Amino acid sequence: MDNLFNITGKVVVITGGSGVLGKGIGAYLSAQGAKIAILDRNEEVGQKQIEAMNAKGGDAAFFLSDVMNQEILEQNKAAILARFGQIDVLLNAAGGNMPGATIPPDKTFLDLNIDDFKKVVDLNLFGTVLPTKVFVPELAKQKKASIVNFSSESALRPLTRVVGYGCAKAAVTNFTKYMAAELAQKFGAHLRVNAIAPGFFITEQNRDLLLNADGSHTERSKTILAHTPFGRFGEADELYGTIHYLISDASSFVTGTVAVVDGGFDAFSI
Ligand SMILES: NC(=O)c1ccc[n+]([C@@H]2O[C@H](COP(=O)([O-])OP(=O)(O)OC[C@H]3O[C@@H](n4cnc5c(N)ncnc54)[C@H](O)[C@@H]3O)[C@@H](O)[C@H]2O)c1
């Protein structure tokens, strides 16, 4: 039997691909033989990533993008097809949170900034829906194709403070399941969609929430770790294997699922 995890030559589009997680995921998949199309707003980081991947024998390109703008995404699609000829995988990694869409400990829900809440829903939900709409026609042309959406622990279990982002990611999870049936029934069972729900990883955006200036854990960190059977935060590279699985033949009968990568946080009660 062929290696079920072989992704050599697959063209992988990564939205938000210049972010903390996207950078590592792109480099890992490139090293596994995939061709990488990074779509991001951050051209400076993107160009450096591409150079690094290509210097190691990869085949990667950067496309300046905005996942909330269909016209730009259509231009990206045409440029990717001109460069790589096909699209096999879409990783909807663009997403994130904003302070105004959270509730600090000294405030209540009544202080919520509705505009920021909407912006967070726009980026995480519509920033997943629009690229899906734009890239599905190309993905459907392939013999096997796959989409991976980026949900979050906050979608599974509401986290204090994180109201806008949690709602948006819960919608991403629902959209993932909706699309599993939609794609299989209307486009064919060769087109799969799943989500990954990363738990707690220390990255640039949440470092100040989770670590004090001296590197020790904040009170919130200690609460998270007390609810994590593994007793530690995740490392970004611990997501790579799950994504590799979801975009390869190893998961050929898997669609509409949410792969939780969280050291047991979601499974744990007391
Ligand atoms: N880091 C974590 O611990 C964690 C946990 C759970 C889920 N996630 C999710 O994983 C995904 C990646 O997270 P990350 O930590 O790499 O985030 P990040 O903020 O480091 O990266 C997000 C990237 O998206 C890009 N981006 C933002 N708006 C865009 C737009 N309109 N169009 C195109 N690109 C845009 C940014 O330039 C950035 O490079 C996100 O969806 C995030 O919500 C992250």
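Which residues does Thr128 touch, not counting residues up to four places away in sequence? They are Asn92, Leu123, Asn149, Val172 and Phe175, where contact means heavy atoms within 4.5 Å. The model is predicted, so local features need pLDDT of at least 70 and side-chain atom pairs count only at pLDDT 80 or more, while totals for chains, interfaces and linings use all residues. Residues are numbered from 1 along each chain as its sequence is written, and side-chain values use heavy atoms, with hydrogens and water left out. Helices (H or I, at least four residues) and strands (E, at least two) are DSSP runs, numbered from the N terminus.

**Helix 1 and its surroundings**

- Helix 1 covers residues 20-31.
- Its 12 residues reach 18 Å from the first C-alpha to the last, close to the 16 Å expected at 1.5 Å a residue; the expected span is 1.5 Å times one less than the number of residues.
- Buried residues of helix 1 are Leu21, Gly22, Gly24, Ile25, Gly26, Leu29 and Ser30; buried means under 20% relative accessible area, exposed over 50%, and partly exposed in between (1.4 Å probe, protein chains only).

**Helix 1 against helix 9**

- Two packed helices are described by the angle between their axes and the distance between the axes.
- Helix 1 packs on helix 9 (residues 240-247) at an angle of about 60 degrees, with the axes 10 Å apart; axes are lines fitted to C-alpha atoms, for helices over the stretch in contact, and angles run from 0 to 180 degrees between N-to-C directions.
- Helix 1 is therefore oblique to helix 9; angles under 35 degrees count as roughly parallel, over 145 as roughly antiparallel, 65 to 115 as roughly perpendicular and the rest as oblique.
- The crossing of helix 1 with helix 9 is right-handed, a crossing being right-handed if the near helix is turned clockwise from the far one by less than a right angle, and left-handed if anticlockwise.
- Helix 1 contributes Gly24, Ile25, Tyr28 and Leu29 to the contact, and helix 9 contributes Tyr240, Ile243, His244 and Ile247.
- By class, the contact of helix 1 with helix 9 has 6 nonpolar, 2 polar and no charged residues; Ala, Val, Leu, Ile, Met, Phe, Trp, Tyr, Cys and Pro count as nonpolar, Asp, Glu, Lys and Arg as charged, and the others, Gly among them, as polar.

**Burial of helix 9**

- The buried residues are Tyr240, Thr242, Ile243, His244, Leu246 and Ile247.
- Their cover includes helix 1 together with strand 1 (11-15), strand 4 (89-92), strand 5 (145-150), strand 6 (191-198) and strand 7 (258-261).

**Helix 1 against helix 2**

- The axes of helix 1 and helix 2 (residues 43-55) come within 10 Å and cross at roughly 20 degrees.
- These two helices are therefore roughly parallel to each other, and helix 1 passes helix 2 in a right-handed crossing.
- On the helix 1 side, Lys23, Gly26, Ala27 and Ser30 meet Val45, Gln49 and Met53 of helix 2.
- The contact of helix 1 with helix 2 has 3 nonpolar, 3 polar and 1 charged residues.

**Helix 4 and helix 3**

- Thr128 lies in helix 4 (residues 114-139) and counts as buried at 1% relative accessibility.
- Helix 3 (residues 70-84) and helix 4 have axes that come within 9 Å and cross at roughly 35 degrees, in a right-handed crossing.
- Gln70, Leu73, Glu74, Lys77, Ile80 and Leu81 of helix 3 meet Leu130, Pro131, Lys133, Val134, Phe135 and Glu138 of helix 4.
- This contact of helix 3 with helix 4 divides into 7 nonpolar, 1 polar and 4 charged residues.
- Val134, in helix 4, is buried with a relative accessible area of 1%.
- Apart from neighbours within four places in sequence, Val134 is in contact with Gln70, Leu73, Glu74 and Lys77.
- Val134 and Ile224 are 90 residues apart in sequence and 37 Å apart in space, C-alpha to C-alpha.

**Loop residues**

- Arg161, in the loop between helix 5 (153-156) and helix 6 (163-186), has a positive phi near 80 degrees although it is a residue other than glycine.
- Arg161 counts as partly exposed at 30% relative accessibility.
- Leu211, in the loop between helix 7 (207-210) and helix 8 (219-226), is buried with a relative accessible area of 18%.
- Leu211 touches Ile202, Ser216, His217 and Thr218, not counting residues up to four places away in sequence.
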